[in-house]
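Please look over the sequence and the model shown here before reading the report on the arrangement of strands and helices.

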Amino acid sequence: MRKIGIFGGSFNPIHCGHIALAKEILRQTELEEIWLMVSPQNPLKQESSDLLDDDLRFELAQKALVDIEGIEACDYEFHLPKPSYTWNTLRHLREDYPDCAFTLLIGGDNWERFDRWYHWKDILRNHDVIVYPRDGQAGTIEADLLPVSSTEIRERVRRGESIEGLVPDIIIDEVKRLYRSEEHTSE
């Protein structure tokens, strides 16, 4: 069985911190691949007014990961009913990819409130969970997180500041163009 980690998020936009964390998790675990699951909607977050269109966020993630072995962008949740509950995603993945074992990757902040997740007990019964440190919360793996956030990147773009070193060079110009525009919100 192929061992695949599922790292979900809005990736609004994907940044170097996401990629460095995924690489570190691959290095420390027996996972063979990590799929960055670009989520259309997080049931625990209110819909953001500055959330870039789903397909554009996915395309940015694909471009950012083009030369990175073992990590790929995934739009699987785009084709599932909304809201995109993790349990539903994992259940469908098991059906569609019976030759794979899926491990959920989540931050320590989400682990702290995991008991609020839809079917959280079923997730734990059927899948391994790897917790990475986040927002001062501990994890089951050790990882130094890069001090970067998608929110900070969007704000820097709006202010006309550099985002060099925060997002992969291959997508810098596109991130600037997409997030500078006020026309990018999904209705």
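Predicted model: local features only at pLDDT ≥ 70, side-chain atom pairs only at ≥ 80, totals over all residues.

Residues are numbered from 1 along each chain as its sequence is written, and side-chain values use heavy atoms, with hydrogens and water left out.

**The sheet**

Helices (H or I, at least four residues) and strands (E, at least two) are DSSP runs numbered from the N terminus, and two strands are taken to pair if DSSP finds at least two bridges between them. On these terms 5 strands form an open sheet with parallel pairing, in the order S3-S2-S1-S4-S5. Strand S3 (71–74) and strand S5 (128–132) are the edge strands, each with a single partner strand, so one side of each is left without a neighbour in the sheet. On average, neighbouring strands of this sheet are turned by 30° against each other, direction ignored.

| Strands | Sense | Bridges |
|---|---|---|
| S2 and S3 | parallel | 4 bridges |
| S1 and S4 | parallel | 6 bridges |
| S4 and S5 | parallel | 5 bridges |

How far is S4 covered? Of its 8 residues, 7 are buried, where buried means under 20% relative accessible area, exposed over 50% and partly exposed in between, with a 1.4 Å probe and protein chains only. Thr-103, found in strand S4, counts as buried at 9% relative accessibility. Apart from neighbours within four places in sequence, Thr-103 is in contact with Ile-4, Gly-5, Ile-6, Leu-31, Asp-128, Val-129 and Ile-130.

**The helix pairs**

Helix H2 (residues 54–64) and helix H7 (residues 172–180) pack at an angle of about 165°, with their axes 11 Å apart. H2 and H7 are therefore roughly antiparallel to each other, given that angles under 35 degrees count as roughly parallel, over 145 as roughly antiparallel, 65 to 115 as roughly perpendicular and the rest as oblique. Leu-56, Arg-57, Leu-60 and Lys-63 of H2 make the contact with Glu-174, Val-175, Leu-178 and Tyr-179 of H7.

Among these residues, Leu-56 lies in helix H2 and is partly exposed, with a relative accessible area of 26%. The C-alpha atoms of Leu-56 and Gly-136, which are 80 residues apart along the chain, are separated by 31 Å.

H7 also meets helix H6 (residues 150–159), the axes of H6 and H7 coming within 9 Å and crossing at roughly 80°, which makes H6 roughly perpendicular to H7. In this contact Ile-153, Arg-154, Val-157 and Arg-158 of H6 meet Val-175, Lys-176, Tyr-179 and Arg-180 of H7.

Definitions and conventions. Axes fitted to C-alpha atoms, helices over the stretch in contact; angles between N-to-C directions. Contact = heavy atoms within 4.5 Å.
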